[in-house]
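Walk through this two-chain model with the structure open beside you.

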Amino acid sequence: MSNKTELVRASLAKRYAREKRFRFYGLASIVLSLTFLVILLTTIFMQGWPAFTQTYMQLEVNLSAEALGVESTASQEKLRAANYDAVVMNALNARFPGVTERKQKMALKKLVSSSAAYDLQKQVMDNPQLIGTQPTIWVMTDDDIDTYFKGKIDRTQAEADRRIKDFQLAWLDDLAAKGEIERRFNVPFFTSGDSREPEQAGILSALMGSFYTMLVTMTLAFPIGVAAAIYLEEFAPKNNPFVDFIEVNINNLAAVPSIVFGLLGLAVFIQFFGMPRSTPLVGGLVLTLITLPTIIIASRAALKSVPPSIRQAAYGMGASRVQTVFHHTLPLAMPGILTGTIIGMAHALGETAPLLMIGMVAFIVDIPHGITDPAAILPVQIYLWSDSPERAFTEKTSAAIIVLLFFLVMMNLLAVLLRKRFERRW
Amino acid sequence: MKKLSMAIAAGLLVATSAAQARDNISIVGSSTVYPFTTTVAENYAKKTGNPAPKVESTGTGGGMKLFCEGTAVESADMTGASRRIKESELADCKKNGVSPVEIKIGYDGIAVANAKAADAYNFTRRDLFLALAKEIPDVASSELKLVPNPYKTWKEINPALPDAPIEVLGPPPTSGTRDAFVELVMHEGCKSFPAIKKLEKEDGDQFKKICNSMREDGKYIEAGENDNLIVQKLQANPKAVGIFGFSFLDQNADKVKGSAIEGVEISFENIAAGKYSVSRPMYVYVKKEHVGTVKGIEDFVTELTSDAAWGDTGYLAEKGMIPMPEAERQSFGEAAKGLKVLESL
């Protein structure tokens with residue numbers, strides 16, 4: 001054997017080992033990142049899952065005309081002002097007679113959520129015939145009670161350290177034993193706005209805020225982004241220093257920290273143009289600035305990947321440049337453009353920092369009905385809940401994260417589907 | 001492009017017309033007051049059927065800036081503050097034609113707490129100053145000579161304290177809790193040295209420099225604005241001590257316990273009685289110019305100053321606010337009802 005073969009053979013084992021090592025590193029890093037992802041998702045789901053259910057308590061209320069102070073024939077105004085708090089309190093007193101001590105009385109009142117009286121008010125206003133009856137209704141329990149039934153309060157702890165005291169435990173045991181406690185799907189979580197009472201806090205105002213913000217972003221960023229991309233790719237003179245300058249700037253803009261756009265939005269849209277703070281209109285405009293570079297870059301890449309032969313064929317048939325672009329290049333590039341847009345929008349949906357600057361970190365109870373109503377958005381809602389002292393907001397925080405993740409996954413899935421379905425390879 | 005600019009212009013028009021007829025109150029201000037203003041906002045909306053006020057959490061300073069900006073309809077109607085309005089801020093307000101009505105709503109305690117499993121502490125404010133200041137006066141020399149903080153354990157400062165390393169998790173400088181802690185604890189501890197106390201009158205800047213600077217050698221850890229996070233970190237690290245608002249202690253009584261300050265335990269009763277020294281007042285400022293222009297401000301103030309809200313057993317007390325004594329409530333309640341403008345501090 002020659003010298004060279006000898007040399008190669010000697011290094012062979014080493015080279016194989018090197019490859020094996022490299023493969024191992026690659027695999028290890030994937031396993032590591034997957035582990036983190038799994039840990040993250042499991043904690044969020046474990047913490048957030050209970051928030052999708054809510055503990056309800058059965059209550060036999062006496063809706064007599066005397067107790068309410070109104071007749072069934074009274075006007076809606078009078079029905080609204082009737083004393084529903086007293087009715088709820090009476091029902092609780094009837095259920096647990098003999099509570100006289102002041103502290104215990106307060107605790108008794110805190111068994112049910114403060115929304116109980118308002119629920120009752122709504123039911124009676126919708127159907128005044130209820131007055132004079134003694135219906136059995138189910139009302140939401142207070143957040144502390146709900147937390148207890150979700151197993152997050154340890155009853156073996158010293159009484160002073162517990163938010164549920166021994167006498168309350170006795171009540172709750174009695175209620176549970178008689179089947180007057182029920183865990184139900186938490187409908188209010190999806191149908192109401194934010195609240196300071198964790199059991200009444202819902203995500204709809206933030207969801208609608210996100211929706212309107214995305215609507216503004218989409219209607220502005222998509223046409224502007226695609227138009228810019230088409231111009232730069234198909235019409236702009238090549239090798240022109242000015243065009244190059246713009247291109248460099250667009251690429252740089254994509255890397256600018258988003259908080260800078262927030263400051264820009266504050267200075268330009270709110271202070272200069274005088275647009276109202278905390279509205280999806282301003283939020284959408286700021287997010288448009290953030291998503292534009294992403295959309296332009298993705299759209300240009302998509303346009304670039306359309307083979308020149310298509311354009312040449314069009315020119316050969318006598319099409320003008322505009323016709324070539326709009327009849328041939330653009331439709332073929334559309335799947336790529338849409339994918340880029342959706343990914344840009346998904347990115348914008350999770351954006352928080354710039355919106356801090358324009359007043360979208362706000363407590364919003366009412367569901368926004370347009371782009372000029374004050375609104376919060378999903379990530380901001382998560383931030384606000386995570387900063388709240390009440391224990392029950394922990395699960396709400398995770399539940400809001402689950403909802404946000406759901407929409408992000410849906411959007412990304414849509415992007416994948418579009419690509420799979422319409423993409424053409426040459 | 002022409003269509004687009006027209007669309008934007010149309011959007012702007014819609015926006016301005018919306019701003020002119022505003023029926024929802026806009027509140028800005030401190031994140032400490034936020035839980036309470038939001039609770040009032042919610043109850044006000046439920047009771048009156050009016051649109052719920054929009055409450056932004058901007059921090060005390062940021063809120064003042066927005067509040068004093070001017071009297072235009074779109075500017076904020078109220079701001080929450082975890083300290084009293086400053087001279088400079090009041091001047092700014094006046095310059096822009098804003099007449100603020102001051103309403104003190106109650107008190108908030110600041111807890112110095114550690115994990116349930118760890119030893120209980122009993123600090124004096126001097127101990128805390130010595131543990132957390134960047135530079136401390138040299139006790140050996142008779143003149144005012146500053147040395148970098150040498151202390152590593154609590155026992156070195158005060159033999160009565162446990163032999164545990166100093167590790168304090170607290171809020172960053174942007175936080176109102178930090179401002180209050182510096183003023184209520186660090187300044188008081190600082191003043192326990194006669195030489196520095198003398199300095200307060202003679203050279204305010206130097207006094208502030210000594211008393212406001214926190215250690216930067218890793219013994220004082222800025223743990224961010226999120227108090228829940230500090231509670232979690234304390235649970236994981238029994239050696240650490242944390243600084244956060246009383247409502248978080250109240251909610252997490254099974255995980256953390258508050259330290260006594262000068263022998264006084266932190267509790268609802270002690271703060272309300274004024275015995276626990278590390279507590280601060282919370283204020284809401286109302287823009288008088290907007291009363292009548294923006295719908296519902298008077299009703300909101302009525303709700304805020306009702307016994308059901310800020311009373312001894314009101315819903316704000318339930319949320320962790322310490323109510324004012326009866327007499328103080330009455331005087332602020334009347335001032336609020338009469339919309340008495342704050343002329344000077």
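Which residue in strand 2 of chain B is the bridge partner of Ala362(A)? It is Glu56(B). Strand 4 (residues 362-363) of chain A and strand 2 of chain B run antiparallel and are joined by two bridges. Two strands pair if DSSP finds at least two bridges between them. Helices (H or I, at least four residues) and strands (E, at least two) are DSSP runs, numbered from the N terminus.

This is a predicted model: local features need pLDDT of at least 70, side-chain atom pairs count only at pLDDT 80 or more, and totals for chains, interfaces and linings use all residues. Residues are numbered from 1 along each chain as its sequence is written, while chains are lettered from A and ligands numbered from 1 in the order in which they are written.

Now take the whole contact. Chain B supplies 33 residues and chain A supplies 30 residues; two residues are in contact if their C-beta atoms, placed from the backbone, lie within 7 Å. On chain B, the elements giving two or more residues to this side are helix 1 (2-20), helix 2 (34-48), strand 2 (54-56) and helix 11 (246-251). Helix 1 of chain B gives the most, with eight residues.

Chain A has its own strand pairings. Strand 1 (residues 53-60) of chain A pairs antiparallel with strand 3 (residues 181-185) of chain A over five bridges. Here Thr55(A) stands opposite Arg183(A). Strand 1 of chain A also pairs antiparallel with strand 2 of chain A, over five bridges. In that pairing, Met57(A) has Val139(A) as its bridge partner.

Next, helix 6 (residues 115-126) of chain A. Its twelve residues should span 16 Å at 1.5 Å a residue, and the end C-alpha atoms are 16 Å apart, which agrees. The expected span is 1.5 Å times one less than the number of residues. Ala116(A), Ala117(A), Leu120(A), Gln121(A) and Val124(A) are buried in this helix (20 or more other C-beta atoms within 10 Å of the residue's own, C-beta atoms being placed from the backbone). They cover an arc of only 140 degrees around the axis, so they lie on the same side of helix 6 of chain A. The arc is that of the directions from the helix axis to the C-beta atoms. An α-helix has 3.6 residues a turn, so residues three or four places apart point the same way. The buried residues of helix 6 of chain A pack against helix 3 (76-81), helix 4 (84-95) and strand 2 (136-140) of chain A.

How values were computed:
A residue is buried if 20 or more other C-beta atoms lie within 10 Å of its own, exposed if 12 or fewer, and partly exposed in between; C-beta atoms are placed from the backbone.
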